[in-house]
Amino acid sequence: MSRKRVYSAAHWGVYEVEQHNGAPVLHPLRDDPSPSPIGLDQLDESVQRLRVRKPSVRRGWLEHGPRAGGGGRGQEPFVEIGWDECLDRLAEELDRVRTEHGNAAIFGGSYGWSSAGRFHHAQSQLHRFLNMAGGYVRSVDSYSLGAANVLMPHIVAPMLELNATVTSWDVIMRHSRLFVTFGGVPAKNAQVSSGGAGRHRVPSGLRAAAQAGVRFVNISPVRDNIDTGGPVEWIPIRPNTDTAMMLALAYAMISRPDFDAKFVGRYCVGFAQFRAYVTGESDGQAKTPLWASDITGVPAARISALADEILENRTMLNAAWALQRAAHGEQPFWALVALAAVAGQIGLPGGGFAVGYGPMNLMGSAHPRFGGPTLNQGRNPVDAFIPVARVADMLLRPGDSFTYNGKTHTYPDIRMAWWAGGNPFHHHQDLNRLAAAFRRPDTLVVQEQFWTATARMADIVLPVTTTLERNDVGFSTREGLVIAMRQATPPVGESRDDHSILAAVARRLGFEAAFTENLDEMGWLRRLYDESRDKAGLAGIAMPPFEQFWDDGLIDLSPYDAPHVAFAAFRADPDRHPLQTPSGRIELYSERIASFGLQDCPGHAVWRPPFEWLGADAAERYPLHLISDQPATRLHSQLDHAPHSQAAKAAGREPCHISPQDAAKRGISDGDLVELFNDRGRCLSSAVVDAAVMQGVIRMATGAWLDMRGTLENNGNPNVLTLDRGASSLSQGCAAQTCLVEIRRVEDMVPQPVSYAAPPFVRRP
Ligand SMILES: Nc1nc2c(c(=O)[nH]1)N[C@H]1C(S)=C(S)[C@@H](COP(=O)(O)OP(=O)(O)OC[C@H]3O[C@@H](n4cnc5c(=O)[nH]c(N)nc54)[C@H](O)[C@@H]3O)O[C@H]1N2
Ligand SMILES: Nc1nc2c(c(=O)[nH]1)N[C@H]1C(S)=C(S)[C@@H](COP(=O)(O)OP(=O)(O)OC[C@H]3O[C@@H](n4cnc5c(=O)[nH]c(N)nc54)[C@H](O)[C@@H]3O)O[C@H]1N2
Ligand SMILES: [Mo]
């Protein structure tokens, strides 16, 4: 007998849920060519062990409310209390803050990836709720793309647009001859797509391209972030210096006697200013391969030759997002666009640029694009906002000003911070500084599934269900699937979904009906689905009625697949299909950005030395550049405590990869306990001596759960080391990849055992 399949969606893929002796078991989607193992042990006992089971309140806050002060956060034990009492206290406190201080004293930015599922999307729920409560201070942009989100709309197109319109793999395979990437195409990252990855296409896309004869060149501080199944040329480059190499490639192209300026003339503005900078006419320094070689460590001859190879072959130029998660992160993206413009292949099949293949499964998709289901968040009456990665600055320096996208703003004075679906003690930089900042507000509320480092810092922790414990609709742009995410198992402990929790607070504040619109969970799913179905219809895509969808479990949109060439329409007719930039063209020079008068982000792509890098004086004390990249075995901090993530640890700690030369210099061998340190912090790790890492670089993935033992972090969390400074005064983006450290073999102490644990609890005093 064939039974209907039941599905669940996660950011890292779709799973089939089988009920086995009354308990759900997860399997990968049957026809996924490269399924991700990340989510398979979501239901494992070792994962569930760390669930938040009951509403929990920090003891001092329970006794004294906001007068308790934040000093005991992260130290005092919690007290478990009943939902009703907890929600009463929470509603009362929200009301106090907005009455005494106004809604601009509530920070509800609540950045984070939360879970897949479009209705139970934690941020959307929280934002809708806070909007109805009178508004909140929001955050803009993302940790992923802080610099790029601000820059790219000025010069070419918004990142959302660029990500959703990357040339599809089938076109690469057929038309590209050369694929030059800065920062690899890490299949580890392409496991995920926000909202629910569908079939994983990057490993097969890379393989097919290589088999079709595409040649790959990887310019990167590490070698193993691309796997085509064939040879890949590795050009090691000092971290954060890609801009210099791109400028030198452009210099070499422009200097050729046969340089063809047709593309930059017809499709771009500002080539004259860009050329004057590259040739040194405007600042006295020609950006020659020799000049770049000194900065990047890449041989000048290789840069010159690569410029010729790019011009002489149909070439896709690609960059990882990591490049812009750095000091002056705008520049490598601007320089990449400028380089691609000079090369003249933008809009041709298999040519041009992408930012980029690798960060998510979405890129390179041939699946159709349309608006998926989204919860209406309403309108926020509060104007105040912060660039997302400036959260510690905001909490530590209320009233100070900051610049963002050409304007000056003021940090609000926050009394209450509320997080649902994010883990700032994973995602932020310089976590010791963040801890000081998080002690400032009167009240800190966290809705969480697990006892994360952020939950442990909170005053009020509300237990939340996982996707497997509720019904939802899964969807992600161009992933080719719409997924009926049916509840597979009852909620753990007393956990509730974010919507129900917020509805219950809304009831106490008198706006429950507005918040819920008198719809229950299934009512909402139907509403969101129907709205999305209408949008799909406009795009010529037929989706079945809700009942059929819910019954079938999955809509497969692959029949609508079509090859896609980025910027094809623009190239065909830039007057009829202008870009959304001020000029309608690619802006190699941006009048608008120039008018902001920013020293650290002038009107065209420039090389500016990073705040910390291997060419700086600081490198004498801290001679290693730390790359804290995305983890292969989990999503950020999510499921770090699961068997799959734990299996990749050494003695329970996140390993760090170090070059054989750097290891030898310090007497470090494979498997040694090591300490990474700089002026900001220190953490333990286990060394992996790895020839795939260039000399001068250390790579340690993010996501190990923060565990401070005094000043020493015990699990291997790189964010005690990273720098909390905006990428530039244009974007204020996250600059996590700009970080120098030193490392030593630990011989003088016995480390404390690694533990992943819930916080201490006490009975009600
Ligand atoms: N050093 C360094 N730091 C980085 C980066 C880097 O490259 N280097 N990368 C940055 C980037 S790009 C990003 S995007 C961030 C990611 O940072 P985050 O998105 O904050 O990290 P996650 O671990 O995904 O946190 C999501 C949290 O939401 C919780 N959650 C899941 N589902 C639900 C739900 O339904 N309801 C509620 N209430 N909670 C839920 C999870 O348990 C988890 O704790 O990290 C950034 N930090
Ligand atoms: N499995 C898994 N996949 C993920 C995530 C996850 O947590 N787990 N997170 C997702 C999220 S939120 C995001 S934003 C994307 C991020 O996507 P990216 O930002 O592209 O990912 P990273 O892994 O940080 O970096 C990609 C590569 O860039 C290299 N790199 C770092 N600095 C430099 C540099 O200065 N120059 C050059 N040339 N290369 C450099 C790194 O060595 C790394 O191999 O990944 C997504 N995918
Ligand atoms: Mo991200």
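How do the residues of the shell around ligand 2 divide into nonpolar, polar and charged?

A: In this predicted model, the shell around ligand 2 divides into 19 nonpolar, 10 polar and 5 charged residues. Altogether, 34 residues surround ligand 2. The closest of these are Lys188, Asn189, Asn240, Asp242 and Arg325.

The position of the ligand can be described in terms of domains. Ligand 2 lies between domain 3 (167-364 + 573-595) and domain 4 (617-745), because both domains give residues to the shell around ligand 2.

Asp242, one of the closest residues, has a polar side-chain atom 2.7 Å from a nitrogen atom of ligand 2. Asn225 also takes part through its side chain: one of its polar atoms lies 2.8 Å from an oxygen atom of the ligand. In the case of His636, a polar backbone atom is 2.8 Å from an oxygen atom of ligand 2. On its own, ligand 2 has 910 Å² of accessible area, and the protein covers 99% of this area.

Domain 3 also contributes to another site. The lining of the second largest pocket draws at least three residues from domain 3 and at least three from domain 2 (56-137 + 372-469 + 493-518). This pocket holds about 1500 Å³ of space. Of its 44 lining residues, those closest to the centre are Arg118, His121, Ser142, Leu160 and Ser194. By class, the lining has 17 nonpolar, 22 polar and 5 charged residues.

Note on methods: Residues are numbered from 1 along each chain as its sequence is written. Chains are lettered from A and ligands numbered from 1 in the order in which they are written. This is a predicted model: local features need pLDDT of at least 70, side-chain atom pairs count only at pLDDT 80 or more; totals for chains, interfaces and linings use all residues. Side-chain values use heavy atoms; hydrogens and water are left out. On a 1 Å grid over the protein atoms alone, a cavity is a set of points where a 1.4 Å probe fits but cannot get out, and a pocket is an open set with protein on both sides within 12 Å along at least five of seven lines; lining residues have an atom within 4 Å of a point. Grid points are joined across faces, edges and corners, and a volume is the space filled by probe spheres set on the points. Ala, Val, Leu, Ile, Met, Phe, Trp, Tyr, Cys and Pro count as nonpolar, Asp, Glu, Lys and Arg as charged, and the others, Gly among them, as polar. Domain bounds come from an automatic or database domain assignment. A residue is near a molecule or strand if one of its heavy atoms lies within 4 Å of it. A polar contact is a pair of N or O atoms within 3.5 Å; within protein, one must be able to donate a hydrogen and the other to accept it, and residues adjacent in sequence count only if both atoms are side-chain atoms. Accessible areas come from the Shrake-Rupley method with a 1.4 Å probe; for residues, only the protein chains shown count as cover.
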